[in-house]
Amino acid sequence: MQDFMTIKEASIWASKYISKNVTPSNISYLIQYGRIHRNGDNGNAFVNRYDLEKYYNSHYETKENRWKKQLGNDLNWNLSFSEYKESETTKHVHRLHSYKGKFIPQLVEYFLDQHTDDFKNKSFFNAGDIILDPFCGSGTTLVQASELNLHSIGIDVSAFNAFISNVKVGKYDINDVKNTADIITQSLKSFQKERNNVNFENRLLNELKKFNSNFFPSPEFKYKVRQKKINEKLYGKQKSDEFLKIYHTLIDNYKISLKQKKNDSFLDKWFLQVVRDEIDFVFKQIKSIKNLETKKILALVLSRTVRSCRATTHADLATLKEPVTTTYYCKKHGKICKPLFSILSWWQRYTQDTVKRIIQFNKLRTDTFQKCLVGDSRTINIIQELEEKYPKFGKLINDNKIDGIFSSPPYVGLINYHEQHAYAYDLFGFEKKEDLEIGPLSKGQGIEARKSYIKGISDVLNNCKQFLKQDYDVFLVANDKYGLYPQIVELSNMKIVNEYKRPVLNRVEKDRSAYAEIIFHLKEK
């Protein structure tokens with residue numbers, strides 16, 4: 001076998017080697033980020049087979065064994081869904097908006113569909129059944145239930161979470177969405193003509209391109225960093241300081257406004273003034289839309305756009321540190337990067353992406369009820385709420401009751417669910433109810449926080465039981481590192497009939513260490 005391969009040849013070889021589809025873009029990623037060396041010149045890229053073999057031996061082939069050593073042999077690797085590409089675990093409307101802490105659709109589908117295997121020896125739900133998700137989050141259960149011809153009801157204390165969920169399962173006039181988005185895009189371009197930020201950013205990009213080509217050639221620079229031939233921290237700081245002189249000159253020449261006058265809200269603090277002006281302009285256009293469903297979907301597009309335009313570094317998108325108003329050395333990309341000075345490109349990208357994803361989902365969805373209610377799952381009267389807002393769905397549940405639950409409760413002391421979408425609460429004016437969150441990060445993971453968490457989750461289960469059929473099935477996805485669920489189950493007068501321990505591979509956090517969660521299968525005691 002030849003030692004050097006083209007990127008396409010390398011993708012074919014790698015697919016056979018690890019028994020998983022490896023695309024040419026996957027190989028290009030490894031080259032771009034310095035994982036393997038790029039050979040060749042004049043635009044011809046070649047990969048050494050031995051470099052690829054070494055990479056996959058250390059990063060892929062032995063992962064299952066490494067994780068089982070750390071997490072135990074009871075780890076069900078089949079539930080890792082490692083055979084799926086990222087685009088498949090974020091298929092169609094599942095990626096209409098970012099959401100930290102959601103499970104992948106394949107996990108929901110595994111337990112809701114009718115297949116059986118060595119681990120799941122019976123199916124639990126049938127077409128037409130009703131599924132409840134009392135911690136609805138971004139609506140993954142609702143979307144998958146629709147695909148599987150199941151009805152589903154979600155509940156979430158976060159108004160924005162419920163908004164995301166309902167938009168995902170909404171039905172739209174695609175032509176109206178596209179035409180309205182195009183009108184807003186053209187209006188935004190006209191708005192920009194009165195300002196300097198677009199011309200400034202184009203000039204800045206040209207200067208960055210020249211500077212980065214000279215001092216951070218890709219992928220050679222990243223490869224040398226990984227080989228420890230360059231001190232990345234010192235070199236990055238030195239060159240970043242050099243470029244700042246160019247940056248400040250351009251800021252002065254184009255008279256660009258950076259910081260906002262106020263610092264009272266998330267929108268005031270985390271967006272450059274020129275970006276905030278565009279956000280407010282587009283939001284004003286959206287508020288004037290007459291078609292309510294079109295208004296909702298484009299509002300979500302704007303929220304997604306706003307999130308991508310925060311004034312932060314690329315490395316700190318998940319955990320904001322300090323607002324960034326200057327160019328900086330970006331460890332993630334291995335070059336000098338900049339904050340955003342316009343929302344236009346993201347707005348256009350996300351409107352096109354959203355339309356495409358809605359069309360994809362429309363081909364898969366079934367004619368079933370899917371709704372998420374805003375409320376506290378510990379106290380909400382599901383049937384009463386539905387009968388008031390969605391009478392047909394309320395009658396269906398009142399007549400038939402709910403067949404079971406599939407949900408991922410919050411993990412104790414891990415996420416502040418309202419805070420992660422603070423920009424959306426500021427923009428849309430949704431009512432905040434942080435005090436009703438169960439197990440928020442703000443309360444930590446101490447003894448009192450765990451006691452409160454146990455009571456909160458068991459109160460949810462006890463309240464929801466009154467709406468379930470007698471022979472119900474409850475599936476809860478949890479990382480129970482403190483062993484709280486046996487107490488929760490006891491307080492809920494339930495019993496654990498099975499536990500499925502799965503490795504979690506698709507994590508967005510920087511910490512990619514071995515990590516597992518358990519799917520608890522519960523029934524009435």
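**View 1. Ile153 stands opposite Lys371 in strand β7.** Strand β4 (residues 151–156) pairs with β7 in the parallel sense over five bridges. Two strands pair if DSSP finds at least two bridges between them; strands (E, at least two residues) and helices (H or I, at least four) are DSSP runs, numbered from the N terminus. The model is predicted: local features need pLDDT of at least 70, side-chain atom pairs count only at pLDDT 80 or more, and totals for chains, interfaces and linings use all residues. Residues are numbered from 1 along each chain as its sequence is written, and side-chain values use heavy atoms, with hydrogens and water left out.

**View 2. Seven strands form an open sheet with mixed pairing.** The order is β7-β4-β3-β8-β9-β11-β10. Strands β7 and β10 (494–503) are the edges, each pairing on one side only.

**View 3. Helices α9 (residues 174–193) and α14 (residues 273–287) pack at about 145°.** Their axes are 10 Å apart; axes are lines fitted to C-alpha atoms, for helices over the stretch in contact, and angles run from 0 to 180 degrees between N-to-C directions. In the contact (heavy atoms within 4.5 Å), Ile184, Ser187, Leu188, Phe191 and Gln192 of α9 meet residues of α14 including Phe281 and Val282.
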